[in-house]
Amino acid sequence: MSFKIPTTQKAIRIHETGGLDVLKYEDIPVPKIKDNEVLIKNKYAGVNFIERYYRIGLYPTQKPYTLGSEAVGTIVLKGSKVQGFEIGDYISYLTESTFAQYTNYDPSEKAFKLPKNSTDEKLKLYAAAPAQGLTALAFINDAYNVQKDDYILVTAAAGGVGLFLTQLIKNRGAHVIATASSNEKLKLAKENGAEFLINSQTEDIVKKVLEFTNNKGVAASFDGVGQDTFQISLDSLARKGTLISFGNSSGAVDPVPLTKLVSKNIKLLRPNVFNYFEEPKEWEYYSNEFKKLVESGELKVRIEKIYPLSDYKIAAEDLEGRKTSGKLLLEIPQ
Ligand code: NDP
């Protein structure tokens, strides 16, 4: 089997940091592959909040920079040292620069090989779930190992990571206290297993948490919102509680004096999901667990909307404007 590979392709790039206007949909060269890499013709790419951080310069990158952090596609070219993957195989993978028609990638890294007869639904699932689903899975095990009957606060519970956290925490027999900015989003969090709901725009989160936990506070807060909720999460914790501050949707958290942790002996983490599956054994464990959850339907994946690659700017505007729940995908022109 061989594929005709063009020399140029469409991609979403930035040449400078800034607002949505720095996003460019442009023609760039198709990348060359190394011996240990494959060339993937992308079909769907998952949208994640991290693209905003690259764009605004919170996380530095070289320029020009092709955005994207996960995708699903077909292997169209294979380096001489690649094992276990063939031309024509479908692959779902986590790496940079996936908002493009073609991406070069070492498939021995963070990838899922998908059957040749995979349906379009399956391809969408494997473009939508890996980054956010693996984040939720690794965090509820490694960042704070959620226990049955724990009370856990999840901020932005109707978001991409939030819906996965909510389902997984509920499945472990713990109680999810969910925050979201609208009643529609809270309804969705409830459908995904949240037991207690707090509208972050109209209610006092700490007061409600204390009410729901009989004044004890929560065992852990999974907080991807960052700046706006850091203190709220801290105040919501029980004695010896754990704050997992894993994102910056509202802005980066300001430096924290360690004395803030003293009064309740708080554990504070700022994890990066990739550090939990750095070792091949860790990846094997988490990727297998993830696959089981997704394939069995135990972990439900909500795809909110699919945008053409050329409309990424609109997708980013929707995500950053808090208009979305669950996952956004980009469809890559074939
Ligand atoms: P979401 O789908 O959760 O979107 C972000 C949500 O944050 C919004 O929907 C909104 O929910 C909430 N939010 C609160 N304040 C703001 C604000 N000022 N501007 C925008 N949104 C706001 O995104 P993802 O699921 O992709 O990511 C969630 C978080 O997890 C991000 O911070 C991301 O960077 C982080 N992350 C971290 C990882 C890690 O390894 N550390 C890995 C993966 C994700 P509402 O309207 O309900 O408030």
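The largest share, three residues, comes from H3. I record here that the model is a predicted one.

I then listed the surroundings of the ligand. The shell holds 27 residues, and the closest are Tyr53, Val161, Ser181, Lys185 and Val273.

A side-chain N or O atom of tyrosine 53 is 2.8 Å from a ligand oxygen. For valine 161, a backbone N or O atom lies 2.8 Å from an oxygen of the ligand. Arginine 322 places a polar side-chain atom 2.8 Å from a ligand oxygen. I also noted that the protein covers 89% of the 910 Å² of accessible area that the ligand has on its own.

I turned to helix H6, residues 205-212, and asked which of its residues are buried. They are Ile205, Val206, Lys208, Val209 and Phe212. Seen down the axis of H6, these buried residues fall within an arc of 165°, so they line one face of the helix. In general, an α-helix has 3.6 residues a turn, so residues three or four places apart point the same way. On the face turned away from the buried side, I found the exposed residues Lys207 and Glu211. The buried residues of H6 pack against several elements, including strand S10 (175-180) and helix H7 (230-236).

Finally, I checked the start of H6, where a side-chain oxygen of aspartate 204 reaches to within 3.2 Å of the backbone nitrogen of valine 206.

How values were computed:
Residues numbered from 1 in each chain as written. Predicted model: local features only at pLDDT ≥ 70, side-chain atom pairs only at ≥ 80, totals over all residues. Heavy atoms only, no water. Buried < 20%, exposed > 50% of the residue type's maximum accessible area, 1.4 Å probe, protein only. Helix = DSSP H or I, 4+ residues; strand = E, 2+ residues; numbered from the N terminus. Arc of directions from axis to C-beta. Contact = heavy atoms within 4.5 Å. Polar contact = N/O pair within 3.5 Å; in protein donor to acceptor, adjacent residues only side chain to side chain. Near = heavy atom within 4 Å. Areas by Shrake-Rupley, 256 points an atom, 1.4 Å probe, with all protein chains shown as cover.
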